[in-house]
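Reader: I'd like to go through this one label by label. Can you tie each term to its cut-off as we go?

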Amino acid sequence: MATYDLTPRIGPNLDRHLVFPLLEFLQERQLYPDEQILKAKIELLNKTNMVDYAMDIHKSLYHTDDVPQDMVERRVEVVARLKALEDAAAPLVTFLQNTNAVQELRADKQYNLQMLNDRYQIGPDQIEALYQYAKFQFECGNYSGAADYLYQYRALCTNSERSLSALWGKLAAEILMQNWDIALEELNRLKEIIDSKSFSSPLNQVQSRIWLMHWSLFIFFNHDNGRTQIIDLFNQDKYLNAIQTSAPHLLRYLATAFIVNKRRRPQFKEFIKVIQQDQCSYKDPITEFLACVYVNYEFDGAQKKMKECEEVILNDPFLGKRVEEGSFSTVPLKDEFLENARLFIFETYCRIHQRIDMGVLFEKLNLNYEEGERWIVNLIRNSKLDAKIDSETGTVIMEPNQPNVYEQLIDHTKALQGRTYKLVGQLLENAQAQPAR
Amino acid sequence: MASKFWTQGGSDTEEEETDIEDEIENGGAGETTAAAAGSRYLQTNASDSDDSDGQKRVVRSAKDKRFEEMASTVDQMKNAMKINDWVSLQESFDKINKQLEKVMRVTESDRVPNLYIKCLVMLEDFLAEALANKEAKKKMSSSNHKALNAMKQKLKKNNKQYEELINKYRENPESEEEKFEDEDEDEDEDESGSELEDPSQIAAESSDEDDEGEDMDDDDADGAWEKKLSKKEKLMDREFKKDPSEITWDTVNKKFKEVVAARGRKGTGKFEQVEQLTFLTKVAKTPAQKLEILFSVISAQFDVNPGLSGHMPINVWKKCVQNMLVILDILVQYPNIVVDDMVEPDENETQKGADYDGTIRVWGNLVAFLERIDNEFFKSLQCIDPHTREYVERLRDEPLFLVLAQNVQEYLERIGDLKSAAKVALRRVELVYYKPQEVYDAMRKLAELSEDGEKDGDETKVEETRGTSAFVVTPELVSRKPTFPENSRALMDILVTLIYKSGDERTKARAMLCDIYHHALFDEFSIARDLLLMSHLQDNIQHMDVSTQILFNRAMAQVGLCAFRVGLIAEGHGCLSELYSGGRVKELLAQGVSQSRYHEKTPEQERLERRRQMPYHMHINLELLEAVHLICAMLLEVPNMAANSLDAKRKVISKTFSRLLEVSERQPFTGPPENVRDHVMAATRALCKGDFQKAFDIINSLDVWKLLRNRESVLEMLKAKIKEEALRTYLFTYCSSYDTLGLDQLTRMFDLSDAQIHSIVSKMLVNEELHASWDQPTRCIIFHDVEYSRLQALAFQLTEKLSILAESNERAVEARTGGGGLDLPLRRRDNQEYAAGTAGGGGGRWPDLSYGQGRQGSSGRAAYTGGGRPLALGQASRDRSGQSRGYSGRAGSGMRGSQMDASARMVSLNRGVRG
């Protein structure tokens with residue numbers, strides 16, 4: 001089932017550290033041989049400063065206690081560099097740890113800088129050192145420290161470029177610490193900056209958006225409110241454009257969000273068109289399912305796709321998040337998805353049918369008869385469905401839903417009256433104004 | 001006086017050469033002996049130096065002037081003969097007759113000058129030869145052939161007058177000469193002394209030299225090669241009379257300056273100048289000097305071009321390319337030489353020798369030369385009749401140019417001038433983008449083959465250079481063979497990336513269009529579409545130059561064809577419909593001149609138009625284009641007509657198509673289809689009845705399909721589409737006659753699978769095109785009785801008309817009252833409501849669907865179907881009308897929807913135009 005795995009396509013758009021959770025998930029799902037994943041992990045870690053972790057993985061991969069020499073050397077190097085950076089940033093760090101002193105800071109950046117310079121001899125060099133230190137901390141896997149320093153750095157920083165990358169760093173750190181609320185705030189802040197900032201080339205802007213969307217997947221599929229927000233973000237014209245041109249695989253997540261969210265009908269129709277149009281560039285069971293139901297009206301196909309969707313969801317690091325409930329572990333999104341998908345099929349099916357054999361219907365919906373009947377009765381009772389069950393023949397009969405011709409005619413002409421009145425009013429007004437002039 | 005040279009017969013030149021060769025061997029033996037030995041040769045030199053002869057100057061000057069004119073006309077005639085150009089020959093002949101009158105007046109004698117007679121003889125001979133050569137005659141272009149016949153008549157008439165003299169001349173060509181013999185010898189003495197000092201004299205000499213050579217060409221064609229060689233040697237000989245070691249940078253430079261100064265002056269032969277300069281390159285002392293002279297050679301070669309509309313002679317073009325390659329050789333060999341056209345280099349910059357360390361600046365612009373060469377190539381293809389062998393031969397020169405362009409580009413990249421490199425890359429792109437893979441492969445093979453052929457050529461060249469022993473020997477450093485990647489896409493990618501990185505706006509836009517065209521050619525519709533939409537070329541193409549607009553139109557046409565091939569009918573129609581809306585396809589694609597009944601073009605316009613025509617091998621087949629356009633229109637329009645047959649305000653998808661249909665319906669009898677249009681109309685008639693098989697058979701019988709590469713699959717796709725549309729049309733047309741309709745029956749009727757029919761019908765049901773629903777247990781469609789009765793339909797029409805009336809009333813009032821700003825938004829809202837009402841009710845359902853696809857996501861990629869507005873080009877007045885139409889459309893859209901964002905604009909533009 002590795003065919004629908006998106007990790008290779010998502011990975012390049014993430015920070016190194018953010019790829020770890022994905023690899024962990026893959027390891028858990030056993031989609032790839034363990035060895036491959038461990039190797040990939042080492043590869044990842046080689047560029048970071050988490051040398052100890054890399055050593056551990058190396059040991060478990062090769063089942064030895066020996067560690068290659070370059071790793072040991074690297075460790076020494078990292079530690080030395082950490083010391084150096086710590087020293088450089090020390091004045092500012094001590095200042096920031098002093099709560100009394102911090103209270104003296106005000107909203108005015110210039111003032112703060114001036115004050116730091118005058119009273120504590122903390123100049124731009126130290127502030128820059130703080131940034132480097134924070135970055136290094138992040139590289140070492142100390143995310144909470146990095147997040148704190150970056151937050152403070154942003155308060156003091158005057159360079160907008162630096163500030164932006166500090167923001168990215170902060171977002172990554174928050175995501176890795178799983179502080180979803182804070183991460184969401186950071187995400188929105190970043191989004192505003194990206195949208196408002198004038199980039200040197202449109203290409204850079206698109207690239208930033210793509211990164212932002214990839215990073216946001218972590219938040220949206222963990223945050224309670226994420227599934228509506230993902231639609232808000234991804235379905236904006238600019239972002240949708242970016243998806244279509246550069247990262248069509250993100251359509252999977254948007255499609256899932258749409259299916260799970262019932263209240264987004266108007267946008268949904270637009271989205272179907274996007275799916276239809278992008279079928280050539282990206283396709284997976286979830287988008288194909290939508291295409292089956294809403295473009296081709298192939299219900300048998302939709303049913304098949306639905307089964308595949310289940311697999312895809314279980315194997316997707318974002319969609320297949322598990323919730324442990326006692327001894328069970330469930331994937332809440334999967335159940336929700338299936339329920340809604342079933343409803344989609346049924347809805348569309350009902351729209352074009354007058355009479356449906358319940359047996360066939362339930363087969364299409366992957367339900368047994370009893371369950372199905374109850375399901376339909378519930379739908380009818382909640383007045384979601386204008387239909388009756390003919391239990392003698394085992395069919396559902398839809399109520400015809402045709403607008404009356406006369407009603408239509410009345411509708412058409414109703415407006416005319418108002419318009420004529422308005423016209424006459426205008427004329428009279430004009431006629432009165434004329435003599436007065 | 002000039003006459004005495006001309007009277008000289010061709011036969012004796014042979015001897016003369018041997019004389020000269022003797023001379024060379026004698027080397028520095030002194031001028032006097034040479035003069036004595038080669039008296040006859042020298043006497044020819046004297047022909048123009050008479051001015052220096054003081055005795056009868058006053059009398060002669062007027063006379064001489066006339067004679068000179070005449071002589072130059074004769075020169076022209078000879079040139080014309082050389083390239084077999086009867087048109088200019090005819091002109092020259094008329095000219096010489098006029099000049100004859102003048103000469104007669106000046107000389108006040110009734111004796112016709114010998115020069116003229118000689119010319120007549122020459123012409124006669126040449127004419128006889130040309131008429132005898134049936135092969136060559138057949139190959140001539142029509143205008144040339146006409147001129148030949150006219151010439152035959154004229155000459156016959158004319159020669160009768162001088163019959164006697166001609167015969168006399170033929171008998172004794174040299175009778176006139178002897179008189180002047182002694183006189184000449186004196187002159188020779190003077191002349192040889194002043195040889196290097198007098199530039200004009202030298203120029204004249206060499207021109208005489210040329211003429212002589214050509215004389216011989218005429219007399220016996222077989223010996224042509226030898227003579228050319230000898231001619232060169234003779235030229236050179238002039239220099240070698242001095243000891244080679246005596247030739248210094250200064251003398252060469254001086255002479256070079258002289259020759260260049262003569263450029264453009266009256267009486268300076270263009271060919272001669274090239275010859276002279278070419279010779280100078282061989283004696284150039286330093287590489288920089290050689291380079292400088294080579295640049296001048298190329299400039300001079302460009303001068304040879306007869307006019308703006310004509311093209312450079314092909315052999316000159318080839319030499320020009322070779323010279324460019326030599327330039328590159330030098331530049332590669334001496335990286336310290338910099339070519340620049342911004343600064344005026346130092347006077348003696350080129351004196352610095354090969355071992356000089358610093359940078360040497362030489363004036364020149366490689367890119368400009370290259371572009372000029374490309375333009376000449378393009379022009380020659382425009383001019384040559386595409387159905388001749390000549391055209392094919394000319395096309396074979398393409399790899400030659402590609403080699404050059406490749407080398408220039410590499411050089412520019414090496415010196416870091418990426419902007420110019422991008423320009424050169426664009427030239428290469430423009431030669432490749434329209435080639436399908438097969439053609440590209442053929443070109444690659446040709447390039448490989450010609451490599452072998454060239455080797456032989458090189459050997460002979462080497463020999464030549466040995467003979468002439470150039471001072472600065474330039475090894476062939478740059479490759480003479482183009483390297484082509486396996487497939488053209490790879491090549492395009494490399495070039496296009498370079499251009500996108502460092503080209504200027506226009507270069508980028510053109511490269512983008514070529515890229516789009518190429519993608520479309522390779523059936524990659526979605527990539528081509530994305531490129532087109534993301535580049536926003538449609539928005540600002542109006543402001544670009546005509547040739548870019550043509551390229552845009554070509555790209556649009558190709559994208560349309562591509563969409564059709566991959567089965568996207570609506571998109572294909574969107575791309576092509578605008579192209580056909582004005583009926584000026586030929587003009588828009590620059591593939592011919594369309595004749596307009598109402599609009600007379602000025603000659604100026606016509607010339608302009610002719611100059612931007614595409615060469616034949618780049619054409620997009622118009623018949624195929626038309627077939628595709630009409631078939632797309634048919635597939636969209638027929639179900640649309642069937643669905644809205646009662647609707648008064650029904651939307652027409654393709655105006656062109658419905659007009660054609662009307663015309664064909666008006667005909668009392670319909671014969672068997674002959675052209676593309678007839679075929680499609682016949683198919684339409686069948687399709688209207690739901691007879692898919694017949695419709696497909698008719699379409700299938702078109703012979704344009706053989707132009708498609710994947711013909712089978714396209715036809716299959718087409719058949720499937722026709723079936724689908726036939727089904728839809730059938731359902732629309734006959735749904736009122738049925739209460740229920742079984743799925744099985746439809747399956748049998750339209751030869752489609754259950755699933756397909758179910759899917760198609762379901763789509764119609766969901767879109768509310770068809771008021772019916774499935775009855776699943778019995779597998780049939782149950783039609784709801786929504787087919788309006790006549791009365792109801794009329795009632796709907798009435799309400800629609802009422803609202804139109806109300807609207808026009810409002811507009812009238814507004815116009816009267818001056819349209820208060822307050823009312824406008826109100827009215828807009830009403831309009832929208834109204835529009836929504838009609839959309840919800842009977843009207844305009846199906847078009848909405850097709851437009852809906854235009855939305856395609858976002859502002860950038862929006863409105864594809866509507867977007868492709870090919871540009872009107874050509875006359876300014878027309879252009880303006882095209883523009884204004886665009887504006888009106890846009891204004892209309894503004895009125896209709898206040899909420900329309902940029903993305904919807906292009907769509908509504910079309911709606912505005914159509915509605």
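**Labels and cut-offs**

Author: Let's start with chain B: buried residues make up 51% of its 915 residues, where buried means under 20% relative accessible area, exposed means over 50% and partly exposed lies in between (1.4 Å probe, protein chains only). This is a predicted model, in which local features need pLDDT of at least 70 and side-chain atom pairs count only at pLDDT 80 or more, while totals for chains, interfaces and linings use all residues. Residues are numbered from 1 along each chain as its sequence is written, chains are lettered from A and ligands numbered from 1 in the order written, and side-chain values use heavy atoms, leaving out hydrogens and water.

Reader: How many helices and strands are there in chain B?

Author: Chain B has 43 helices and five strands. Both are DSSP runs numbered from the N terminus: H or I with at least four residues for helices, E with at least two for strands.

Reader: Why are helix 20 and helix 21 of chain B called roughly antiparallel?

Author: The axes of helix 20 (residues 398-415) and helix 21 (residues 418-432) of chain B cross at roughly 160 degrees and come within 8 Å. Axes are lines fitted to C-alpha atoms, for helices over the stretch in contact, with angles from 0 to 180 degrees between N-to-C directions. Under 35 degrees is roughly parallel, over 145 roughly antiparallel, 65 to 115 roughly perpendicular, and the rest oblique. Helix 20 and helix 21 of chain B are therefore roughly antiparallel.

Reader: Why is the pair of B:Phe692 and B:Phe750 called tilted?

Author: Their ring centres are 6.4 Å apart and their planes are at 35 degrees, so the pair is tilted. Rings of Phe, Tyr and Trp (its six-membered ring) pair if their centres lie within 6.5 Å; planes under 30 degrees apart are stacked, over 60 edge-to-face, and the rest tilted. B:Phe692 sits in helix 34 (residues 692-700) and B:Phe750 in helix 36 (residues 743-750) of chain B, 58 residues apart. Both B:Phe692 and B:Phe750 are buried.

Reader: What makes B:Tyr730 and B:Tyr734 a tilted pair?

Author: The ring centres of B:Tyr730 and B:Tyr734 are 5.0 Å apart with planes at 50 degrees, so this pair is tilted. B:Tyr730 and B:Tyr734 are four residues apart in helix 35 (residues 711-734) of chain B, about one helical turn.

Reader: How do you know whether B:Tyr730 is buried or exposed?

Author: B:Tyr730 has a relative accessible area of 10%, so it is buried. B:Tyr734, at 32%, counts as partly exposed.
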